[in-house]
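Grab a pencil and work through these exercises one at a time. Try each task yourself before you read its solution.

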Amino acid sequence: MLSDSNSDMTRPAKATGEPIVSLRDVHKSFGELEVLKGVSFDVRKGEVICIIGPSGSGKSTLIRCINGLSPIQRGSIKVRDQEVNDPRLDKLALRKKVGIVFQQYNLFPHKTALENVMMAPVKVLREPKAEVEIRARDLIRKVRLTGKEDVYPGQLSGGQQQRVAIARSLAMRPEIMLFDEVTAALDPETVKEVLVTIKELAADGMTCILVTHEMGFAREVADHIYFTDHGVIVEHGPPQEFFTNAKDPRTRQFLSQVL
């Protein structure tokens with residue numbers, strides 16, 4: 001289980017009311033391969049949702065569908081009552097609301113950490129450079145990389161690069177953050193620093209949807225766990241119930257292999 005100097009942080013009370021993200025009967029195929037076979041769930045503002053499951057179960061595809069990066073064939077995905085797959089939807093407006101961090105950092109190698117964080121707000125949103133720089137420096141401080149502003153990605157560890165990637169996504173001021181196996185490419189020594197950063201975002205009240213294989217982290221930070229296999233949600237529940245009293249045999253089999 002993750003522990004650090006901030007492990008006693010208390011999460012804000014969960015908001016009630018309408019979901020900020022809502023999926024209904026979502027189907028997604030790649031050619032003849034059906035990857036998502038009718039996925040439905042809701043996420044409310046401030047909640048942290050962890051999606052777990054074996055490789056090939058549709059987890060990463062699901063994350064990409066929520067951000068509009070991968071269109072669905074059937075069903076509905078709504079963010080703030082806007083249909084993600086509506087062809088009239090402004091995808092830039094959607095991606096301002098819904099940030100995403102991938103397993104690979106995808107930083108520009110010829111840009112410093114600060115320049116990487118500043119790039120989208122300045123180049124895409126056309127925000128004033130001086131204003132963006134103040135925000136970017138605050139975000140670099142937030143992910144605990146003070147002093148690395150002028151360092152290039154190749155001079156940073158994998159964990160540090162991933163934290164720059166998180167700061168870069170936060171620079172767009174999203175309401176929701178998606179994390180797709182963000183520690184999978186890291187060596188064990190650098191995993192914790194990234195997980196602590198995400199935990200701090202959750203403690204600040206950021207709505208987060210995470211695909212993760214870090215079971216201890218999921219148990220500690222999530223409000224709700226979803227276990228997927230073969231494109232469907234097999235079982236879901238609060239972490240304490242999910243990890244100690246799983247009902248479905250497939251869930252129990254999976255947990256016996258990863259815990």
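**Exercise 1. Check the length of helix α5 against what you'd expect for its 13 residues.**

Step 1: at 1.5 Å a residue, the 13 residues of α5 should span 18 Å. The rule here is 1.5 Å times one less than the number of residues.
Step 2: the end C-alpha atoms of α5 are 18 Å apart, so the two values agree.

Some ground rules before you go on. You're looking at a predicted model, where local features need pLDDT of at least 70 and side-chain atom pairs count only at pLDDT 80 or more, while totals for chains, interfaces and linings use all residues. Residues are numbered from 1 along each chain as its sequence is written, and side-chain values use heavy atoms, with hydrogens and water left out. Helices (H or I, at least four residues) and strands (E, at least two) are DSSP runs, numbered from the N terminus.

**Exercise 2. Work out how covered α5 is, then zoom in on Gln160.**

Step 1: Buried means under 20% relative accessible area, exposed over 50%, and partly exposed in between (1.4 Å probe, protein chains only).
Step 2: count along the helix: 13 of the 13 residues of α5 are buried.
Step 3: Gln160 sits in α5, and because its relative accessible area is 16%, Gln160 counts as buried.
Step 4: look for its contacts (heavy atoms within 4.5 Å). Leaving out residues up to four places away in sequence, Gln160 touches Leu145, Lys148 and Glu193.

**Exercise 3. Find the place of strand β8 (residues 207-211) in its sheet.**

Step 1: recall that strands of a sheet pair through backbone hydrogen bonds, either parallel or antiparallel. Here, two strands pair if DSSP finds at least two bridges between them.
Step 2: write down the strand order. This open sheet of 6 strands runs β6-β7-β8-β3-β9-β10, with mixed pairing.
Step 3: find the edges. β6 (98-101) and β10 (232-237) each have a single partner strand, so one side of each is left without a neighbour in the sheet.
Step 4: check the partners of β8. Strand β3 (residues 48-52) pairs with β8 in the parallel sense over 4 bridges, with Cys50 opposite Leu210 and Val48 partnered by Cys208. Strand β7 (residues 176-180) also pairs with β8 in the parallel sense, over 5 bridges, and Leu178 stands opposite Ile209.
Step 5: sort the side chains. Thr207, Ile209 and Val211 point one way from β8, Cys208 and Leu210 point the other way, and all are buried.

**Exercise 4. Which residues touch the most other members in the largest nonpolar core?**

Step 1: define the set. A nonpolar core is made of buried Ala, Val, Leu, Ile, Met, Phe, Trp, Tyr and Cys residues joined through side-chain atoms within 4.5 Å.
Step 2: pick out the best connected of its 50 residues: Ile52, Val117, Ile166, Phe179, Ile198, Leu210 and Ile225.
Step 3: see which element supplies the most. That's α6, with 6 residues.
Step 4: look for another core. A second, separate one of 27 residues includes Val39, Val43, Ile209 and Tyr226.

**Exercise 5. Where does Glu181 sit, and is Glu181 buried or exposed?**

Step 1: Glu181 is in the loop between β7 and α6.
Step 2: its phi is near 50°, a positive value in a residue other than glycine.
Step 3: with a relative accessible area of 14%, Glu181 is buried.
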